[in-house]
Amino acid sequence: KSIKELMNNLAIVYFQWRNNASSYLMLSIPFAFYLGKEKAHNIILGYMFFFFILLTGSRGGFIFGTVEIAICTLFFFFADKKSRIAYFALWGILIVAMIIFSKKFIELFSSTFSRLMNAVNAILTGETKEIRLSQYTRGLMDFFNHPIFGTGIGYKGNGDVWTGAKGAMNWYHCSIIQIVGSFGFLG
């Protein structure tokens, strides 16, 4: 159903677990590039994973997936000298495809970019209190108050900032802050 909706409406189909899907895809990108060390064509998987991240509509995936794909691309461009011609060919194809499909690409991902810009604007102007920023602040405070072992995965100390589902673990909405807040330096 979602793929048909995506193709018919040319719009991102929002689903509840989009951030989780985006996170798993982001974890996969470096592995695709690692496989590209053996066979250069494998890096195409990394770019496919990035495109799928964009299709999730996740704002965090949009930002950090872009950073991640840029880092992987630059690293492998400089590290894998024997495949540079393949990289240039792939980038050429991607650039041409982006030019040809730029209008459709902008239409498809404009809602995600718009939501991202609205959130940034609301935070900068103080119009809204972004819950995730409060969670990030709390996670860092938890780390500084418990730097060695963190607060533990069962800690419910930020319940005043975000109330999860009954029985859900404490969540900071950021993997790095989750690790240092819950497990400290040990993490």
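Modeller: Welcome! Helices (H or I, at least four residues) and strands (E, at least two) are DSSP runs, numbered from the N terminus. This is a predicted model, where local features need pLDDT of at least 70 and side-chain atom pairs 80 or more, while totals for chains, interfaces and linings use all residues. Residues are numbered from 1 along each chain as its sequence is written, and side-chain values use heavy atoms, with hydrogens and water left out.

Biologist: Thanks! How many helices are there in the protein?

Modeller: From the N terminus on, the elements run α-α-α-α-α-α-α-α. The protein has zero strands, and its helices number eight.

Biologist: What share of the residues is buried?

Modeller: Buried means under 20% relative accessible area, exposed over 50% and partly exposed in between (1.4 Å probe, protein chains only). Of the 187 residues in the protein, the buried share is 31%.

Biologist: Let's visit a loop. Why does Asn42 count as buried?

Modeller: Asn42 lies in the loop between helix H2 (18-36) and helix H3 (43-56). Not counting residues up to four places away in sequence, Asn42 touches Ala32, Leu35 and Gly36 (contact: heavy atoms within 4.5 Å). Asn42 counts as buried because its relative accessible area is 17%.

Biologist: Which residue has its backbone oxygen 3.2 Å from a polar atom of the Asn42 side chain?

Modeller: Asn42 touches this residue, along with Ala32 and Gly36. The backbone oxygen at 3.2 Å from the side chain of Asn42 belongs to Leu35.

Biologist: Now to Arg84. Which residues is Arg84 in contact with, leaving aside its neighbours within four places in sequence?

Modeller: Arg84 sits in helix H5 (residues 84-100) and is partly exposed, at 24% relative accessibility. From C-alpha to C-alpha, Arg84 is 9.1 Å from Ala40, although 44 residues separate the two in sequence. With those neighbours left aside, the contacts of Arg84 are Phe77 and Phe78.

Biologist: Why is the pair of Phe51 and Phe52 called tilted?

Modeller: Rings of Phe, Tyr and Trp (its six-membered ring) pair if their centres lie within 6.5 Å; planes under 30 degrees apart count as stacked, over 60 as edge-to-face and the rest as tilted. By this rule there are 11 aromatic pairs. Phe51 is partly exposed at 34%, and so is Phe52 at 36%. Their centres are 6.4 Å apart, and the pair is tilted because the planes meet at 55°.

Biologist: Which residues form one aromatic cluster?

Modeller: Rings are the theme again here. The members of this cluster are Phe33, Tyr47, Phe75 and Phe76.

Biologist: Last stop, Phe109: is it buried or exposed?

Modeller: Phe109 belongs to helix H6 (residues 102-125). Leaving aside neighbours within four places in sequence, Phe109 is in contact with Ile12, Phe51, Leu54 and Leu55. Thr56 is 53 residues away from Phe109 in sequence, and their C-alpha atoms are 9.9 Å apart. Phe109 has 5% relative accessibility, so Phe109 counts as buried.

Notes
A polar contact is a pair of N or O atoms within 3.5 Å; within protein, one must be able to donate a hydrogen and the other to accept it, and residues adjacent in sequence count only if both atoms are side-chain atoms.
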